[in-house]
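Student: Can you walk me through this one? I'd like to go element by element.

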Amino acid sequence: MRTTRRTFVQASLAATAAATLLPISLRAQQAPPARRPIPSTHEEIPIVGLGTWITFNVGDDPVLRDECAGVMAAFFEAGGRMIDSSPMYGSSQPVIGYGLQKLGRPSALFSAEKVWTSSGAAGPAQIEQSRRFWGVPKFDLVQVHNLLTWKAHLPMLFQMKAAGAVRYVGITTSEGRRHDLLEQIMRNEPIDFVQFSYNVVDREAEARLLPLASERGIAVIVNRPFRQGALTDRLKREPLPEWAREFGVSSWAQLILKFILAHPAVTVAIPATTRVDHVRENLSAAAGPMPDPAMRERIAAHVKAL
Amino acid sequence: MSEWWTYRPEDFLLFSPRVYWRMFELHNASLWPLHVLTLGAGLIIVLLIARRSGIGARWIAFILAMLWIFVGWSFLWNRYATINWAAAYVAPAFAVEGVLLLVIGSLRDGLAFDRRGPADWTGYLILGFALAGQPLLAPLQARGWASSEVFGIAPDPTAMATLGVLLLARGKLLPVLLPIPVLWCLLSAMTLSTMGEPQAWPPYAALALAAAAWTWTIIRRRGSPPPA
């Protein structure tokens with residue numbers, strides 16, 4: 001089925017039905033997300049980005065592609081910039097490219113990609129293929145996915161950065177894997193970004209990785225802020241504590257996102273979602289007051305006790 | 001892959017259940033009304049097995065071979081691989097199964113359906129479920145007919161039906177035809193159970209029934225007295 005502008009708009013409207021029930025004036029009043037500087041350049045970036053793991057892997061499905069484009073539209077409208085993907089994420093890359101094209105290639109985009117191949121020689125071709133999927137002139141950030149073949153990929157990425165083919169270089173892991181090696185790379189390599197899992201229940205990164213990132217001037221991208229939805233699914237059965245309202249939060253997702261964002265070493269968290277109302281909710285957690293260290297401990301203790 | 005023991009099945013799941021079932025909707029819509037033809041081919045297979053004719057075995061192998069190659073190309077290669085890059089590596093296995101069926105089916109006594117054995121009822125049960133039961137699961141789970149999995153169109157009923165046919169067959173090269181349908185049923189069942197889908201049970205059940213039937217057959221053969 002060929003997707004025309006008309007069908008795209010219709011599908012986007014359907015996808016945003018719940019959210020569009022809000023008066024436009026109310027949405028327009030949503031405060032812009034807070035920004036933090038990338039330490040290596042001091043370029044400021046909104047502290048909530050958009051992950052695409054699973055959520056954007058919708059294949060050739062025209063309806064679901066339009067829904068993803070609707071999520072991207074809401075993301076940019078709410079002030080978001082960083083979209084993160086990987087060659088590992090199935091069709092997520094072409095789906096992002098489809099959305100960017102539909103949205104007229106928003107200038108706000110901060111493109112974060114990864115190289116994911118066990119062959120060092122195949123890295124540049126894979127990055128070029130990813131770039132074509134996105135339809136961008138170059139990526140803002142390319143990261144070595146899950147430290148795979150990092151010894152070959154990192155020098156290649158540094159060369160690309162020196163040649164102006166990419167703006168930032170990073171490395172990623174998830175779910176607490178290989179933190180020792182990550183720490184070693186953070187100490188010895190001139191990377192701009194590091195990405196790992198961190199949330200209110202998975203706090204291992206607080207011990208060494210987050211302080212080291214501050215010390216070394218490395219920007220931190222936090223993945224799996226909701227444990228791929230498992231955390232919010234578990235918490236939705238519990239009432240939101242009254243004291244959480246003082247941060248302007250109206251949901252568990254916002255509270256546990258604020259827990260992450262309040263850590264001073266965190267630069268961006270990248271929750272993934274298929275819903276327009278959720279992407280707006282996530283971006284709004286990046287605005288307004290943030291919990292102080294004592295309150296962060298209270299949030300963590302409360303969640304742990306549930 | 002480092003620290004492989006820390007990975008769980010969920011870590012390899014790249015898509016959501018909604019995307020998975022939407023994929024069948026799109027696939028069915030693109031191929032309709034071919035389903036009538038493939039289900040008809042399934043009924044012909046049942047009739048040919050029941051008639052026990054020698055020439056029928058070759059036709060059964062030919063029909064199954066064509067459907068394995070078709071499903072591997074149309075579903076795994078062109079459709080499933082768009083959301084699961086691993087499917088591109090599995091699709092050639094479907095072509096291999098098709099070629100094996102063609103080759104073994106064309107050999108003299110490669111496949112025969114001329115003798116009845118203790119595993120028969122299990123073979124007919126699995127074959128019957130693959131043809132008539134599996135397509136009902138989608139509407140029974142409130143997903144509607146549009147995402148039904150049909151024999152010759154979708155891989156699960158095709159693999160399960162093949163298991164049923166192989167239970168009803170005899171032939172020295174039968175074990176060569178077994179691994180690919182067995183491995184597909186296992187892979188699909190694991191994917192579905194990781195997604196939390198109750199539809200994981202049919203491929204698991206087909207495997208369990210087939211394993212039990214073959215074990216029983218082997219035990220009976222070993223226990224029977226040698227011919228005089």
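Tutor: Start with helix H4 (residues 62–77) of chain A: it has 16 residues and reaches 22 Å from its first C-alpha to its last, close to the 22 Å expected at 1.5 Å a residue. Expected span means 1.5 Å times one less than the number of residues. Helices (H or I, at least four residues) and strands (E, at least two) are DSSP runs, numbered from the N terminus. This is a predicted model: local features need pLDDT of at least 70, side-chain atom pairs count only at pLDDT 80 or more, and totals for chains, interfaces and linings use all residues. Residues are numbered from 1 along each chain as its sequence is written, while chains are lettered from A and ligands numbered from 1 in the order in which they are written.

Student: How many residues of H4(A) are buried?

Tutor: 12 of its 16, so H4(A) is mostly covered. Buried means 20 or more other C-beta atoms within 10 Å of a residue's own, with C-beta atoms placed from the backbone; exposed means 12 or fewer, and partly exposed is in between. The buried ones include Arg65(A), Asp66(A) and Glu67(A).

Student: What follows H4(A)?

Tutor: Gly79(A), with a positive phi near 100°.

Student: Switching to strands. Which way do E5 and E6 of chain A run, parallel or antiparallel?

Tutor: Parallel: 4 bridges join E5(A) (residues 110–115) to E6(A). Strands pair if DSSP finds at least two bridges between them. Ala112(A) stands opposite Leu141(A) in E6(A). The chain crosses from E5(A) through helix H6 (residues 123–134) of chain A to E6(A), a right-handed β-α-β crossover. Right-handed means that, with the strands pointing away from the viewer, the path from the first strand over the helix to the second runs clockwise.

Student: Why does Val268(A) count as buried?

Tutor: Because Val268(A) has 30 C-beta neighbours inside 10 Å. Val268(A) lies in strand E10 (residues 268–269) of chain A. Among the residues it touches are Ile45(A), Met82(A) and Ile221(A). Contact means C-beta atoms, placed from the backbone, within 7 Å.

Student: How many residues of chain A are in contact with chain B?

Tutor: 12 residues of chain A, against 14 of chain B.

Methods. Two residues are in contact if their C-beta atoms, placed from the backbone, lie within 7 Å. Lists of a residue's contacts leave out its neighbours within four places in sequence.
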